[in-house]
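Hi,

Here is the structure I promised to pass on.

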Amino acid sequence: MPETSFRSGLFARIEGLPIIVVFALILGLFMYTAPEVFLAPQIYTTLLSTAPPLILLGVGLTFIIGAGEIDLSFPSVIAFSGYVFAVLFKEYQLGWIAVLGSLASGLLVGVVNGLLIARVGIPSFIATLGTQFFWSGMATVLSGGRSYALRGAEDSSVWQLLVGNFGDPNAIAWQDQVSIQALWTALIVVLLWFILNRHRFGEHILFIGDSNDVARVVGINVEREKIRLFTLMGGLAAIAAMMLTLENKNFFGNQGQGYLLTAIAAVLIGGTSIFGGRATIVGTVFGCFIIWILEAGLVASGLTGAWVRTVQGLIFLIAIVFYLLVEEPGRRVELMRRLGLRREAGRSFAAGRTAGPPRRAGPRQS
Amino acid sequence: MNETQSDGDFTHIVRMEGVQKFFGAVHALRNINLAIGRNEIVGLIGDNGAGKSTLIKVLTGVMPPSAGRIFVRDRPIDLSRHSVGMAHAMSIETVYQDRSLGEKQPLWRNFFVGRQITDRLGFIRVKEQKRIAEEILLNTIGFRGVGIGVDSTVKQLSGGERQGIAIGRAMHFNSDLIILDEPTVALAVKEVRKVLEFVRRIKESGRACIYIEHNLAHVHEVADRLLVIDRGEIVADIDPREMSVAALTEYLIDLQQHR
Ligand SMILES: Nc1ncnc2c1ncn2[C@@H]1O[C@H](COP(=O)(O)OP(=O)(O)OP(=O)(O)O)[C@@H](O)[C@H]1O
Ligand SMILES: [Mg+2]
């Protein structure tokens, strides 16, 4: 049985090992096809300055998907909280209060999501699809479709402490280009790893993802934890929004759109179960690296931008199929049966079709 | 907190008054009145679908009753805030008939989830939990060193082993009231004896138990009192010393025919 050897072997002991190996292979491939880019340090300092928003979103989604839920509204938080930040920072010159305001707006979006899902009982897919439209619409209405250029932001302490560089800002050596947001992101990721794997809250999230009914029966307050869960996601998305806006020194209304698929893909590539109950932060971080490096590498290897999404989509699908085969053999059987891919199942599917009420208009058997 | 409560003077560990439960049009519990003494083993028997599990779930905060009142240690409880966590805090432990283990989670988490041993910030003391889980595994039902450890996931266990985990968990928490909803269904003969032995120990240590069981010989053997529930109603309160298993079987068959 392949899955037992996977479990008892190295793969089970080191978190995210399969995905780390895949990342190393892809990186090696790009070092071979585009050595001038991938054997120089600049690409990695660029990674450290531009990957943090994706990683923060991915890590938040790891909790969400681990709980068997989904959040589609985080791109709108990137827009809305980014707008709140840009306006308070630029128009009102509020500095650190702009940071707090933006964070509060993200938490608000998260709480509303949590209340709709846990208290009202709307499935998260639907609830967050709705709030995605609402908040991104809100951002567009409030900003009037304008973008905000934050010229001169690098002189502020907000910019320097959130997205500044470790070295002399005017130096051009790569060592001076290492961005501080990489450090904040690393700290948040480590903290969230401990929350997921060692804290009561993380354990509750995984049991909820396993089964809401079981979670309730063992004494978990499922509603309260779900509200916290979505609030956490909102807060992380707001931090991502600020980092993105400050790094670009610009806010524009649909700055979150590119993240919807990439962030979800990073989590699932990383090995967090689509069915909930199992989640890996290490996997997600390497999933993010893969998504990011594919983009850089394909372009550097001379492929057009249109190829990037195609290849990302393909890797995403391969990863999901891989995890389905290895981690969830039971679900695979279920899936095959539903698709009519097994002989016995195929027969019963056909039998079901003749016995049940005909879907399509046709002669009824009697 | 529960220490001071259990030291206090009370006659009934739990009491239900006029409890009703509806599932849409289904009237699952009809005007239930019952009281369980602080050191009483009460057997709950009745047909499939009679309402036994529903009664337990209402009592332990899994679902609220549609009407009625519940008392714990003679004090009324606020039903709008009742929950499994509250029941645990009041030293009531339940082995539910339905799934009550997280399939993909390791056993050591399953033993403690909902009441983890943590530091002040809520971080779990993994080593301590694993050590206790190891002890429970060694002393519990259905495990004779068959390559199952505290890191195994529930998915890997057989039905009886799962049952053993749920019962082991209940044994560990040493509660004042232990509720067992058909704990022996998946167990082999020898393991069933261990469960019955466990019920006797509950009695000897001065605590209480509600024991739901379809095997009449088993409940008859350990219970101080038998309550018969039929279509959501408690229809008889029987002293097992005054009625043999044969007579009890007779009575229940009779009850069905007079439906
Ligand atoms: N969540 C629910 N929703 C709707 N109806 C329910 C629900 N739970 C139980 N019922 C109904 O309530 C009635 C009592 O069910 P319950 O599970 O309490 O029976 P039981 O006495 O435990 O039976 P068994 O011996 O088979 O376990 C049944 O008619 C059942 O269909
Ligand atoms: Mg039942």
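First a quick one: are A:F80 and A:W135 buried or exposed? Both are buried, where buried means under 20% relative accessible area, exposed over 50% and partly exposed in between, with a 1.4 Å probe and protein chains only.

Some housekeeping. This is a predicted model, so local features need pLDDT of at least 70 and side-chain atom pairs count only at pLDDT 80 or more, while totals for chains, interfaces and linings use all residues. Residues are numbered from 1 along each chain as its sequence is written, chains are lettered from A and ligands numbered from 1 in the order in which they are written, and side-chain values use heavy atoms, with hydrogens and water left out.

Back to the rings. A:F80 and A:W135 make a tilted pair, 4.8 Å centre to centre with 50° between the planes. (Rings of Phe, Tyr and Trp, the last by its six-membered ring, pair if their centres lie within 6.5 Å; planes under 30 degrees apart are stacked, over 60 edge-to-face, the rest tilted.) A:F80 sits in helix α7 (residues 74-91) and A:W135 in helix α9 (residues 124-143) of chain A, 55 residues apart; helices are DSSP runs of H or I with at least four residues, strands are E runs of at least two, and both are numbered from the N terminus. Over all chains the count is 14 aromatic pairs. Among them, A:F30 and A:F38 are stacked, because their centres are 5.3 Å apart and their planes at 20°. A:F30 is buried at 4%, and A:F38 is buried at 1%.

In chain B, the charged end of B:R115 sits over the ring of B:F173, 3.8 Å from its centre (the rule: NZ of Lys or CZ of Arg within 6 Å of the ring centre and within 35 degrees of the ring normal). B:R38 does likewise over B:F10, at 4.0 Å.

Now the metal. The magnesium ion (ligand 2) has B:S53 (OG) and B:Q97 (OE1) as its protein donors, 1.9 to 2.0 Å away. Donors are N, O and S atoms within 2.8 Å of the metal (3.2 Å for Na, K and Ca), and water is not among the atoms, so sites may look incomplete. B:S53 belongs to helix α2 (residues 52-59) of chain B, and B:Q97 to the loop between β6 (92-95) and α4 (107-112), 44 residues apart. B:S53 is buried at 17% relative accessibility, whereas B:Q97 is partly exposed at 39%.

Cheers
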